Amino acid sequence: MIALGGADPTSRKEIITMILIAERINGMFKDVKQAIADKNKKVIQDLAKKQTEAGATYLDINVGTAAADQEGTMQWLVEAIQETCATPLCLDSQKLDVIAAGLKVVNAENGLILNSTPLNKRDDDEILDKFIEMAEKAGPKANIIALTMDKNGVPQDVDSRVAIAAEIVSKAMEKGFDAQRLFIDPIVLPVKVPNAQVQPGNILSAMDQIKFLSDPAPHMTVGLSNISQGATERSLINRVFLAMAMSHGLDSAIADVFDQDLMNVVATSDMLMNKQIYSDSFLKVYAGGAR
Amino acid sequence: MQVPEIADSFTGQVIKITLGATKADGGTRASTVTVGGARNVTYGGTIEDRSEKPVIAMDVLDTKPDDWSDVLAEPYKDVLDSPADWAKKCIEEFGADLICIKFDGIHPDKASKDAAHAVKVTEGVLKAVGVPLILWGCGNDEKDNEVMPKVSGAAKGEKCLIGTIKEDNYKSLTAIALADGHFLIGEAPLDINIGKQVNILASDMGFPLERIVAFQSTGALGYGMEYSYSIQERQRLAALTGDKMMAMPVICDVGYESWRAKEAKQIDTPGWGDAAERGPMWEAATAIGLLQAGADIIRMRHPKAVAVVKDFINKIW
C-alpha cells in the first residue's frame, strides 16, 4: 500500500510528466520564415497540428528576426494556430511589446506560457514584475519562463544561477504569484563553445538546488537544442542531456517533438522515475498524446 | 489540540460513464446508471470531489448453479431455473441497481451450453427488467469468443457493460462491443501493468477509453483482499494525478469471490457462528473494504449483504 505524503512520487498531488514545449514554429526556421513572408497560414497550421500529434504540451511561437512588423506577425501566428488547434501556446520573444501584442489575441483558457524574462535588465529593472502582471492579467493558467540571468548577463557558475533563481522565486511570492506558475530556465549554452564544457554539469548542480526553492517546487525548463548548437550528433547530445537533466528535476523542455528518439527517452525517463505506470506499450502511450 | 487541515486536492478525474440506453437513446432500458467521476480518494476532499454513488450489480446466472451453499441459494430457491424471474426478484425485492448475467453455463467444463441459449437468456432478462445489464462471459477464451459476440448482438444498442477482455484475448469482443455500442470490462490478474496494457490495446483498436471499466480481479476477505485494495488504490491515485490510461471506473466481483471462502460457505462448523449470518457478513465486509479503495460497481450475491452495503453507501455518499 502507498502511504500518502512519503517519498514515493506517486503520492504527489499531481504527477508532472514531462511538459514539452514544441520549438518548430520559429521564424529562424526557413519554412516558417517563408510562410510569414507569404502570409501562408497552412504551413503554420500544419506544424501546429503535427507537433500536437507528436506529443507537444505547448506550442512555442517565435516570430524570428526577419519580419518587419514583429507585433503584427505574432498576432497573425497566434490567430492562425488557434483556428485549427486548441493546444496552449508559449509566446516567445525577447521583446516585451511582441509578447504583449500576442496576449491581446491569445486564448489562455487551456494554459499559456510567456517566454521569457530575466530577473532584471540594465534598461528595465522591473521586467520580471511586468511579466508577472501580464500573466496575472491573462488568467490563472498563464505561466512565465524566467531565465537565471540578470543585468550582468548570464552567470557561468552554479551559485550565481541559484541566487538569481532564488530572487525570482521570492519576487513571485512577494507578489502573490504561485511558484508553480514559474518555469525557471537555467540557460543551456552550446557545449561546443570554447570552455563551455563545464556548463552542463553546472546546470545540473544548479537544478539540484533550484527544486528546493519552494514547496511545491517551481517548474524547470531548458531550451534543449541549444546544447548541441553547431555540434555533430545533435540528436544524441540532446537526448542524453535531457535524460540526465530529468533525473535532476527538469520537468519541461523546449524541444523538437518530431525527434522520435528524443520522445522515447522522455517516455522511458518518466517511466523509470515512476511518473508513468509501466505497461508494455509505454512508448506508444506517450507519443500518442494520451498522457 | 487543533486538528490539521489535510484536504488534499488532485488535478485528475475518474471518467464518468452512463450505462443503459433508454428509448430516447435508442434502447429499451427504463433507467440508466451513472458511475465514476471521482476527483479525490474516498473520504478525501470536498463533497464536490466525490464520485457518483457506487452501485450494486446483483449476479444472475444463466444456468442453475449446483455448487452454491444453501445459505446463498435459499433467497433464490424459486427462481434459480429462470434468469428472467431471478433478475426481476433482484430488482424488485433486493434493490439491485443493475443486473450482471454471468454465463457460467456456457463453460465447456460446466453445462457447455451454446450461443442460442445465451442469447435467449439475454433477451429474457432484457424483457424482464428495465435496468442496465452487465454481460459477463465464462472465462474460457475460446467459448467466450464464440458466444459473447452473439450475446452482444442480442443486446445491441442497450449500452451494456460486456466482458471481459484480457491482454491475450481482446480483439473479437472489443470489435463487437464497438459495433454494438456497449461498454467493455478490461480484466487483469491483479497486475497494474497489465491492467494499463489492456486499456491501451483496446484503445489502439479505436475503442474509446471513456467506455472501459477496469477489473483487476478481486480477492475476498482473507483471500487477498489487501492485494485488490492496493492495486485499486494505486490505479486510483494514478487516475487522480492525470494518467488517462488508468482513469476508468472500477468493478469488483465480490459475490463470487466471497462465497468461495470456506468461512462464508461452510455450514457445519459450530464454533464459527450462525452460517446464515456469517456468509452475508463475509460478503458485505469484502464489499465495504473495496468501496473504500474506490470501487464504482460491485457485483454481489446475497440479499442480506446487499442490504448492508447499500446502507453503507447511502450513509457515505
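Which residues does Ile298(B) touch, not counting residues up to four places away in sequence? In this predicted model, Ile298(B) touches Pro54(B), Ile56(B), Ala57(B), Cys252(B), Val254(B), Ala287(B), Leu290(B), Leu291(B) and Val309(B), a contact being a pair of residues whose C-beta atoms, placed from the backbone, lie within 7 Å. Ile298(B) is also listed with Ala57(B) and Ile99(B) as having the most contacts inside the largest nonpolar core, a set of 181 residues. Such a core consists of buried Ala, Val, Leu, Ile, Met, Phe, Trp, Tyr and Cys residues joined through C-beta atoms within 7 Å. A residue is buried if 20 or more other C-beta atoms lie within 10 Å of its own, exposed if 12 or fewer, and partly exposed in between, with C-beta atoms placed from the backbone.

Residues are numbered from 1 along each chain as its sequence is written, and chains are lettered from A and ligands numbered from 1 in the order in which they are written. Local features need pLDDT of at least 70 and side-chain atom pairs count only at pLDDT 80 or more, whereas totals for chains, interfaces and linings use all residues.

The model scores ipTM 0.80 and pTM 0.85. For chain B the mean pLDDT (the predictor's confidence in each residue, from 0 to 100) is 95, and 100% of the residues reach 70 or more. Chain A averages 91, with 92% of its residues scoring at least 70. Over residues 1–13 of chain A, pLDDT stays under 50, and the model has 24 contacts beyond four places in sequence for this segment. Where pLDDT is low, the predicted coordinates should not be read in detail.

Chain A contains 10 helices and eight strands, defined as DSSP runs (helices H or I, at least four residues; strands E, at least two) numbered from the N terminus. Buried residues make up 45% of chain A.

Helix H5 of chain A (residues 127–138) has 12 residues and reaches 17 Å from its first C-alpha to its last, close to the expected 16 Å, which is 1.5 Å times one less than the number of residues. Leu128(A), Phe131(A), Ile132(A) and Ala135(A) are buried in H5(A). These residues lie on the same side of H5(A), because they cover an arc of only 100° around the axis, taken from the directions from the helix axis to the C-beta atoms. The buried residues of H5(A) pack against strand E4 (112–117), strand E5 (142–147) and helix H6 (158–174) of chain A. Just after H5(A), Gly139(A) takes a positive phi of about 125°.

Conventions
Two residues are in contact if their C-beta atoms, placed from the backbone, lie within 7 Å.
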